[in-house]
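Hi,

Here is the structure I promised to pass on. Have a look at it first, and then read my notes below.

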Amino acid sequence: MQVVINGNFHCLTELFASYMRLTIRAAAANAAHREEIEMKNGKIGTRIAKRVIAASLLISLAGTGLGTHAHVYAAGRQPAQIMYVHGQKQVEVNGKVQQLAAPLPVVKGTTMIPIHTIAGAVGAKVYNDQMGTHIDTYANKVTLNVNMRGARRNNSYQLLTAAAVRINGTMHVPLTAIKQLWTGSYTYNSQLKQIDITIQPDPNAVPVADFKAPAEVKLGEPVVFEDLSYDPDGKIAKAEWSGRKNAYFEPGVYTVTLTVIDNEGARSVQKAQEIRVTDEVMYTPFEYHMRYGNPGDKFTVDTKLMNSYPEVETLESRGGRTLYMSNAPERFFGEGLLYEDELDGPSRLFIHHRNGSEERLKLAVVVTNEQSESIRVTIGSRGLAGPSVSALQFGSAAVTRYLKGAEPSELIVEPGTSAVLLPELEKIVMNPNEGFSGLLDVDTDGPLTFSTMAVRESTDPLSVVFALPQLEKVGNRGTFANTDLSIEVNEPLGIAERKLRLGSRGNTIPGVDALTDEATVDGGEYGAVTTIRLKNVAYGTRIILNPRAGNFSGAVAVNGKVIAVPAGGHASPADGVLLYRQEQPESDASELPVPPEVTITYTSPGASALPVLLVFFPGTAFE
């Protein structure tokens, strides 16, 4: 027979006098003591019914002043569960079985529970001092003393049904203390001799936002913020700063605020502090970021000076994938075929378009197998972005996602059939003036025809792939062989200022427009991937990117780490963006190890102005 024991009443209002509280507590303790003894004899059923009736009468008399405790906790904050079986040397705590030194002891008819099991279940800290043994969580603090029935829960005195005792070196409390010292309950199955204990969690504590920062700094002085925030019963999941900067470059008074959010969604009270910035200069923006900046930081540079530096000597070679480029350069004006050609082997698709019509349209890429055998398509690294009205934004996002890589996916195209290459494009529907950019690697083990189309939102691309009219060419498109560029730099970098120009290296990528058979050129190297291997980079060398022709927003990978260029917004010809600093390792050796090679992967983002410069600075200038 399964018996559920309730009747854990507390939270009295001031309507009750103190003597009433003592009377009720004593009655509950006496009843609990009888319950513990009767549990051994299996006689608890009828008494439970009587106690439930009595409890109901008491609640009706007390109104809102007395009732069962309402446990409110955030999602994921679950009750602790403990299960014992009399006579067995194990316990199940929150679903995990643990071994006991001995079965649960019974002292003078009272089942005793080891406090270390309770503490482990609820995440409490156990320690001893001159006041006794403490079992503390953030909201529930219990103090016990050996061989004493009196105990404290927070600031309340509790009289236990039996004294706390130390058995085999471990403090034990009577089973009924689960209800007195913790917000818990228990059931007893007399047939299985099984005790199930449930202890409700503490309510979530609000996190505390706190930080230290200097009250006054100079222009360009590094500002150190010491985050002192904490969560009493969890961890800080998110920090929201306002007005915080690593350095300030305009004099004035700046208010910095911090709000923290814990792992259960509770927000702290906002912490605020003012920082006064004087007009005394410690570092200019350029000087500061070259010393202390992070990859992706943008700062003002001398445009003419950047361009005046000598070019590095390079060893260059082209090869790699065939590029299929559908770029008009951005706008199309209704349903129709944007570009089409046959690809076989390693290829890359660059698709960059804007909806110039007055209706909602989407892009689709359909592959058709005109061979007599099935053909496998493997889609590798890919970056898809849009829809958006900002071509800089969706062009940059596509490159960033491409450089981060993706798990390969495969598609089998049967003979004489067509298939949609990118089903996810069905969800990217462009309103008028919105655009899309995509860059993806594809490998085929046979020739397939790739058709890029603009269709209405409700149109099935497969049903119209051979029926759409060819749209008028308004920009560049084509198929280009040997598009990827490998650049090797062997000369020492970091000795003097040097530069390397990317993104517009003459008519080096010629191609053919497959729809017109006309010759074309990928002048900006859009869709091509350039890999730069810097063989000899001195410790301390700084590398920045400087746009030369207009606004730029993209990404590069340095030694495999993708860096947004810049970290926010876009960069202009008056800006530099820090990409990398060759850090010197800490070493006790008399000689430092040879500096590691640096590999930079670059591809021109759609809509960004080109070319760009990579500029190399010696570290000695910033020591």
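In what order do the four strands of the open sheet come, and in which sense do they pair? The order is E7-E8-E15-E14, and the pairing is antiparallel. In general, strands of a sheet pair through backbone hydrogen bonds, either parallel or antiparallel. Strands here (E, at least two residues) and helices (H or I, at least four) are DSSP runs numbered from the N terminus, and two strands pair if DSSP finds at least two bridges between them.

Before going on, a word on the ground rules. This is a predicted model, in which local features need pLDDT of at least 70 and side-chain atom pairs count only at pLDDT 80 or more, while totals for chains, interfaces and linings use all residues. Residues are numbered from 1 along each chain as its sequence is written, and side-chain values use heavy atoms, with hydrogens and water left out.

The overall picture

The protein has eight helices and 47 strands. Of its 623 residues, 48% count as buried; buried means under 20% relative accessible area, exposed means over 50%, and partly exposed is in between (1.4 Å probe, protein chains only). The accessible surface comes to about 29,300 Å², and 50% of that belongs to carbon and sulfur atoms. Those areas come from the Shrake-Rupley method with a 1.4 Å probe, and for residues only the protein chains shown count as cover. Among contacts (heavy atoms within 4.5 Å) between residues at least 6 apart in sequence, 73% join residues at least 24 apart.

The edge strands are E7 (106-107) and E14 (165-167), each of which pairs on one side only. Two bridges hold E7 and E8 (residues 110-114) in the antiparallel sense, with Val107 standing opposite Thr110 in E8. In the loop between E7 and E8 you will find Lys108. Its phi is near 50°, a positive value in a residue other than glycine. Is Lys108 buried or exposed? Lys108 counts as exposed, because its relative accessibility is 81%.

Helix H3 (residues 115-122) lies across E8 and E15 (170-174), running at about 55° to E8. For that angle, axes are lines fitted to C-alpha atoms, for helices over the stretch in contact, and angles run from 0 to 180 degrees between N-to-C directions. The buried residues of H3 are Ile115, Thr117, Ile118, Ala119 and Ala121. Just after H3, Gly123 takes a positive phi of about 75°.

There is a hairpin to look at too. Strands E12 (residues 150-153) and E13 (residues 156-159) run antiparallel and are joined by four bridges, and Gly150 stands opposite Leu159 in E13. The hairpin has two residues between the strands, and Asn154 takes a positive phi near 55° there. At 36% relative accessibility, Asn154 counts as partly exposed.

The aromatic side

A pair of aromatic rings is described by the distance of the centres and the angle of the planes. Rings of Phe, Tyr and Trp (its six-membered ring) pair if their centres lie within 6.5 Å; planes under 30 degrees apart are stacked, over 60 edge-to-face and the rest tilted. By this rule there are 15 aromatic pairs. In one of them, Phe286 and Phe617 have ring centres 5.7 Å apart and planes at 65°, so the pair is edge-to-face. Phe286 lies in helix H5 (residues 285-292) and Phe617 in strand E47 (residues 612-617), so the pair ties together parts that are 331 residues apart in sequence. Both Phe286 and Phe617 are buried.

Phe286 also pairs with Phe622: the centres are 5.9 Å apart and the planes at 65°, so this pair is edge-to-face. Phe622 is in the segment after E47, so the pair with Phe286 of H5 ties together parts 336 residues apart in sequence. Phe622 is buried. Phe286, Phe299, Tyr309, Phe617 and Phe622 form one aromatic cluster.

A charge can sit over a ring as well, meaning that NZ of Lys or CZ of Arg is within 6 Å of the ring centre and within 35 degrees of the ring normal. The charged end of Arg244 does this over the ring of Trp241, 4.4 Å from its centre.

Two cis peptide bonds

Gly386 and Pro387 are joined by a cis peptide bond with omega about 0°, and Pro387 is found in strand E30 (residues 375-388). The bond from Val565 to Pro566 is cis as well, with omega near -5°. Pro566 has its place in the loop between E44 (561-565) and E45 (575-581).

Enjoy looking around!
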